[in-house]
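Hi everyone, thanks for coming. Let me put the structure up, and then I'll walk you through it.

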Amino acid sequence: MRKSKFTETQIVGMIKEAESGAPVPEICRKHGVGQSTFYMWRSKYGGMEASDVKRLKEPEDENRKLKDIIATLSLKHSMLEEIISKKRKNK
């Protein structure tokens with residue numbers, strides 16, 4: 001999936017602009033964003049503050065780190081099992 005050129009904080013700022021009464025087409029034109037993209041962002045980030053978005057990302061980052069740890073441990077475990085099985089065959 002393509003990474004957005006806007007940060008979550010900028011997206012929340014654009015949504016706040018619309019909530020304060022600025023017309024959506026004008027906001028989209030000003031920031032160079034399509035209206036469908038803006039409405040998709042609004043459904044995802046609507047009602048959030050910038051701090052809420054950061055808290056939303058923290059568990060995702062933690063999950064990514066934990067998955068890396070599990071993959072590493074799984075690889076080490078399989079390597080150790082292979083070494084043990086080779087030693088048993090040689091006896």
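One more: helices (H or I, at least four residues) and strands (E, at least two) are DSSP runs, numbered from the N terminus.

Some housekeeping. This is a predicted model, so local features need a pLDDT of at least 70 and side-chain atom pairs count only at pLDDT 80 or more, while totals for chains, interfaces and linings use all residues. Residues are numbered from 1 along each chain as its sequence is written, and side-chain values use heavy atoms, with hydrogens and water left out.

What does the confidence look like along the protein chain? pLDDT is the predictor's confidence in each residue, from 0 to 100. The protein chain averages 88, and 97% of the residues score at least 70. Confidence is highest in helix 2, residues 24–31, with a mean of 95, and lowest in helix 4, residues 50–90, with a mean of 88.

Now find helix 3, residues 35–45. Which of its residues are buried? They are Phe-38, Trp-41 and Tyr-45. These three cover an arc of only 60° around the axis, which puts them on the same side of helix 3. That arc is taken from the directions from the helix axis to the C-beta atoms. Here's the background: an α-helix has 3.6 residues a turn, so residues three or four places apart point the same way.

Turn to the other side of helix 3, and you get Ser-36, Met-40 and Ser-43, which are exposed. And what do the buried residues of helix 3 pack against? They pack against helix 1 (8–19), helix 2 and helix 4, where contact means heavy atoms within 4.5 Å. Just after helix 3, have a look at Gly-47, which takes a positive phi of about 85°.

On to salt bridges. We call it a salt bridge when a side-chain nitrogen of Lys or Arg is within 4 Å of a carboxyl oxygen of Asp or Glu. How many does the structure hold? It holds 5.

One of them joins Glu-49 to Lys-16, with the closest N and O atoms 3.1 Å apart. Glu-49 sits in the loop between helix 3 and helix 4 and Lys-16 in helix 1, so this pair ties together parts that are 33 residues apart in sequence. Glu-49 counts as partly exposed, at 43% relative accessibility, and Lys-16 is partly exposed too, at 28%. There's also a network here: salt bridges link Lys-16, Glu-19 and Glu-49.

Another salt bridge is between Lys-30 and Glu-17, again with the closest N and O atoms 3.1 Å apart. This one links distant parts of the chain, with Lys-30 in helix 2 and Glu-17 in helix 1, 13 residues apart. Lys-30 counts as exposed, at 58%, while Glu-17 is partly exposed, at 22%.

Then there's Lys-86 with Glu-82, at 3.6 Å from N to O. Both lie in helix 4, 4 residues apart, which is about one turn of the helix.

Last stop: Leu-73, in helix 4. Is Leu-73 buried or exposed? At 54% relative accessibility, Leu-73 counts as exposed.

Methods:
Buried < 20%, exposed > 50% of the residue type's maximum accessible area, 1.4 Å probe, protein only.
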